Amino acid sequence: MKKFVLSLCIAAIALGGCRNRQNGTATVQSTGTHAGHVWVDLGLSVKWAACNVGADSPEQYGDYFAWGETERKDSYDWYSLKYCHVFSSLNFTKYITKTETEMTPEDSAWLADEEVYFDLIPVAGDSAVPVLPALPTRKNGYTIVNFSVTENAYEIDGRTVLDPSDDAARASWGGSWRMPAVDDWNELLRNCSWNWTTVNGISGHMGTSRLNGNTIFLPAAGYRDGTDLREEGRYGIFWSSNLDSLMPWKAWGIYSYHKAVGPATDGRQYGHSVRAVCVP
């Protein structure tokens, strides 16, 4: 089982002050629809979907997607990952920013069952002003294993943002819906206060906009690893549209649990939740 080893950032984001009661009903303010799906206005540059892609209400888990894929599937692993060929190593065919020869030992990838080090935003009071790290400017530590990315090296394409054709939100919902970029997630984190709570018995983070008081709920849907659903009710992991260009077998997203919420990277093969954004 994959272990999450958490490394808290010094920068903090406020969690707390949510108007919703625990074990209550979902009270996300639905302020409009686009292409048949509800969005909530949090006073930000984009409108955020009220629920996950594949869900009908804010607390439902919805579907799980590997990064760069647009359909749910039975198993989430390197062998089934689109744009990845597995021989004696991983061979990516799209979204490639490095070859094996360019990597340092510190860049070495981890495989399943190795420890992963996340940078998260710790719990803090409402007065905290978060300063999220610019991306990609730092390297996290990873357990070094015998692992190469490009044995039969494909050409570096330099792609670091998902094409619309590989965007699960766009493929599922159409219109101008898309997966959030890292900047969208950062804007959401900075401008909301966060409270770990339950909605209709489902655990997750409730974010309350400091700009207009509207709310958004991110359920702790866990993640798909192979054929298994892991950490259901404990963690919420949501993809962004951004590749980790320093370690291109990974992509950026948001990771939340009862003590913290913040940016993290994870292997492209895992099935994570997708929360869409749009500009109607």
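Contact here means that heavy atoms lie within 4.5 Å. With that in hand, residues 24 or more positions apart account for 70% of the contacts in the chain with a separation of 6 or more.

The model is a predicted one, in which local features need pLDDT of at least 70 and side-chain atom pairs count only at pLDDT 80 or more, while totals for chains, interfaces and linings use all residues. Residues are numbered from 1 along each chain as its sequence is written, and side-chain values use heavy atoms, with hydrogens and water left out.

**The chain as a whole**

There are two helices and 16 strands in the chain; helices (H or I, at least four residues) and strands (E, at least two) are DSSP runs, numbered from the N terminus. Of the 280 residues, 58% count as buried. Buried means under 20% relative accessible area, exposed means over 50%, and partly exposed is in between (1.4 Å probe, protein chains only). The accessible surface of the chain is about 11,300 Å², with 48% of it belonging to carbon and sulfur atoms; the areas come from the Shrake-Rupley method with a 1.4 Å probe, and for residues only the protein chains shown count as cover.

**The cores**

A nonpolar core is a set of buried Ala, Val, Leu, Ile, Met, Phe, Trp, Tyr and Cys residues joined through side-chain atoms within 4.5 Å. The largest one has 19 residues, of which Val53, Trp67, Trp177, Met179, Val274 and Ala276 touch the most other members. Helix H1 (168-173) and strand E13 (236-243) are the elements that give two or more residues to this core, and H1 provides the largest share, three residues. A second, separate core has 16 residues, including Leu44, Leu189, Ile216 and Phe238.

**Around Trp67, Tyr95 and Arg268**

Leaving aside neighbours within four places in sequence, Trp67 is in contact with several residues, among them Met179, Trp239, Tyr95 and Arg268. Tyr95 sits in the loop between strand E6 (90-92) and strand E7 (115-120), and counts as buried because its relative accessibility is 0%. Its phi is near 60 degrees, a positive value in a residue other than glycine.

Arg268 belongs to the loop between strand E15 (260-267) and strand E16 (277-278). A polar atom of the Arg268 side chain does lie 3.0 Å from the backbone oxygen of Tyr95.

Ala35 also has a positive phi, near 50 degrees. Ala35 is in the loop between strand E2 (32-34) and strand E3 (37-40), and counts as partly exposed because its relative accessibility is 45%.

**Salt bridges**

A salt bridge is a side-chain nitrogen of Lys or Arg within 4 Å of a carboxyl oxygen of Asp or Glu. The structure holds eleven of them, including these:

| Pair | N to O distance |
|---|---|
| Arg72 and Asp63 | 3.1 Å |
| Asp184 and Arg178 | 2.7 Å |
| Arg234 and Glu231 | 2.9 Å |

Salt bridges that share partners also join Lys82, Lys94, Asp157, Arg159, Asp163 and Asp166 into one network. Asp184 is buried at 7%, and Arg178 is partly exposed at 27%.

Note on methods
A polar contact is a pair of N or O atoms within 3.5 Å; within protein, one must be able to donate a hydrogen and the other to accept it, and residues adjacent in sequence count only if both atoms are side-chain atoms.
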